[in-house]
Amino acid sequence: MCAYSLQSVKSRLARVGDKLIRRDFGTGTRGFAAADNNEVAVCVLPGTELSFAGEVRRSSNDLFAWRGKRIKHRTAIFRQINKGKVAAHHDALEFPDGQIVLLTLMCAGQQATVLQLPAEPKTPAEVAEQKRQAFVG
């Protein structure tokens with residue numbers, strides 16, 4: 001399962017070459033769906049590399065919030081942050097400049113392609129790093 005908040009949504013694991021779209025599943029959270037079937041949540045593992053099809057935008061809380069804030073990069077690595085916090089969103093994207101943006105703050109409708117999946121973990125520390133957080137606030 002992707003996250004607790006998506007347990008009522010049909011889901012599957014991401015595969016190299018998958019075309020994804022950022023959407024709101026109506027469960028109180030947002031995530032990636034399969035571009036060919038936006039009713040299916042695609043579970044992305046931490047460390048997965050993504051390439052966006054167009055300009056990357058995140059929501060903004062300034063005067064022109066409807067425009068969204070542009071991000072100057074089109075590639076990102078999927079991460080999980082705030083793992084120790086129960087009432088927090090965990091899914092995030094890390095861009096080449098080090099900027100980390102929660103997936104819930106990314107503007108809806110953006111398309112991405114899975115470029116590479118994370119390497120298989122070999123040590124207990126790597127297993128812990130790739131373990132997805134099972135709850136979200």
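Strand S5 (residues 49-52) and S11 run antiparallel and are joined by four bridges. In this pairing, Ser51 stands opposite Thr113 in S11. The structure is a predicted model. Strand S11 (residues 111-116) is also joined to S2 by three bridges, again with an antiparallel course. Here Lys19 stands opposite Thr113 in S11.

**Arg23 in strand S2**

Strand S2 (residues 19-24) contains Arg23. This residue is buried yet has no salt bridge, and the nearest side chain of opposite charge, Glu39, is 4.0 Å away. Leaving aside residues up to four places away in sequence, Arg23 touches Arg30, Gly31, Ala33, Asn38 and Glu39.

**Salt bridges**

Side chains of opposite charge can pair when their charged atoms come close. The count of salt bridges comes to four, among them the pairs tabulated below.

| Salt bridge | N to O distance |
|---|---|
| Arg12 and Asp18 | 2.8 Å |
| Asp18 and Arg15 | 4.0 Å |
| Arg79 and Glu94 | 2.7 Å |

Arg79 is partly exposed at 26% relative accessibility, and Glu94 is partly exposed at 25%.

Shared partners join Arg12, Arg15 and Asp18 into one network of salt bridges. Arg12 is partly exposed, its relative accessible area being 21%, and Arg15 counts as partly exposed at 48% relative accessibility.

Definitions and conventions:
Residues are numbered from 1 along each chain as its sequence is written. This is a predicted model: local features need pLDDT of at least 70, side-chain atom pairs count only at pLDDT 80 or more; totals for chains, interfaces and linings use all residues. Side-chain values use heavy atoms; hydrogens and water are left out. Helices (H or I, at least four residues) and strands (E, at least two) are DSSP runs, numbered from the N terminus. Buried means under 20% relative accessible area, exposed over 50%, partly exposed in between (1.4 Å probe, protein chains only). Lys and Arg count as positive and Asp and Glu as negative; His and the chain ends are not counted. Contact means heavy atoms within 4.5 Å. Two strands pair if DSSP finds at least two bridges between them.
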